[in-house]
Amino acid sequence: MAGLGAILTAIVTPFDADLRVDEDAFVELLHHLADHGSDGFVVAGTTGEAATLTDEEQLRIIELALQERPAGKTIVGGTGSNDTRHACHLTEKATELGVDAVLSVTPYYNKPNRRGLKRHFEEVARATAKPVILYNIPGRTALDMPNDLLTELAQIDNVRYVKQANADNLAKVDGLGIYAGNDDMLADVLDMGEPGGICVASHIVGEEMRRMVDEPDNRRGIDAGLQDVYRTLFITASPAPVKAALNMLGHRAGGLRLPLVECDEEEAVAVRTMLERHGLLETART
């Protein structure tokens, strides 16, 4: 497998009934996903609820993923923060643990200017010898990194990729490989000849998403058939819908930590209906 892989699942962090990290459930899910289309994993990212994990929990779940790494799979540590010192600390620690790369989000809330963004990522990149994946997601950070800025950031040593979650910015960037930051962008990114996607829907339709990589002639048809999956998994704040789907499929994903809440009845019905429409509940029962 070249590079970090094409289908990287932004894996959820399972919680037990007391909302403690459920390590056994995490390991079971890691191996299930490895057997169903995932080339690697982003651990302790947005979908992994890193915002409500302590540093100790965040680094422990990364360590656990590395200890239990399925053969041939890559592990990317989510180490971003809007505090540069904190981002560098997490990046250093994840690098010491042995991650294959780190994912570092645009600093949120404090909204630095371009000079501040460049200085931030220079410091993050200095904290590791591993590839840094920039994460551009203005819908969550209130700050967009346009492609001309990404081209500048690509000149920083170790900055190798961008997880692009702004479809309006989707274009080749000199010096950076592009990962789709939204599942519905995966086909476009693959058609551009870029590495792949950091995905959520691959928790439940990973084999189909893997086919999009392996069967380019069928890519658009597969993608069209998965649009309702993509939409349903984001009918409310992620990862509530994907955790609901996993729980329905018999995995122990558990609940969510506040301020995120579990799907309400209407949202849960929508998730169940989507799973039934794709025959996934029937498959889970057999």
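1. Hello! The lining of the largest pocket has 14 nonpolar, 11 polar and four charged residues. Here Ala, Val, Leu, Ile, Met, Phe, Trp, Tyr, Cys and Pro count as nonpolar, Asp, Glu, Lys and Arg as charged, and the others, Gly among them, as polar.

2. Please keep in mind that this is a predicted model, in which local features need pLDDT of at least 70 and side-chain atom pairs count only at pLDDT 80 or more, while totals for chains, interfaces and linings use all residues. Residues are numbered from 1 along each chain as its sequence is written, and side-chain values use heavy atoms, with hydrogens and water left out.

3. The largest pocket holds about 590 Å³ of space. A pocket is an open set of points on a 1 Å grid over the protein atoms alone where a 1.4 Å probe fits, with protein on both sides within 12 Å along at least five of seven lines; lining residues have an atom within 4 Å of a point. The volume is the space filled by probe spheres set on the points, joined across faces, edges and corners.

4. Of its 29 lining residues, Gly-45, Thr-46, Ala-50, Ala-51 and Tyr-108 are the closest to the centre of the largest pocket. At least two lining residues each come from helix H2 (55-67), helix H3 (84-97), strand S4 (101-105) and helix H5 (138-141). Helices (H or I, at least four residues) and strands (E, at least two) are DSSP runs, numbered from the N terminus.

5. Now to strand S7 (residues 177-180): Gly-177 and Tyr-179 point one way, Ile-178 and Ala-180 the other, and all are buried, meaning under 20% relative accessible area with a 1.4 Å probe, protein chains only.

Conventions. Buried means under 20% relative accessible area, exposed over 50%, partly exposed in between (1.4 Å probe, protein chains only).
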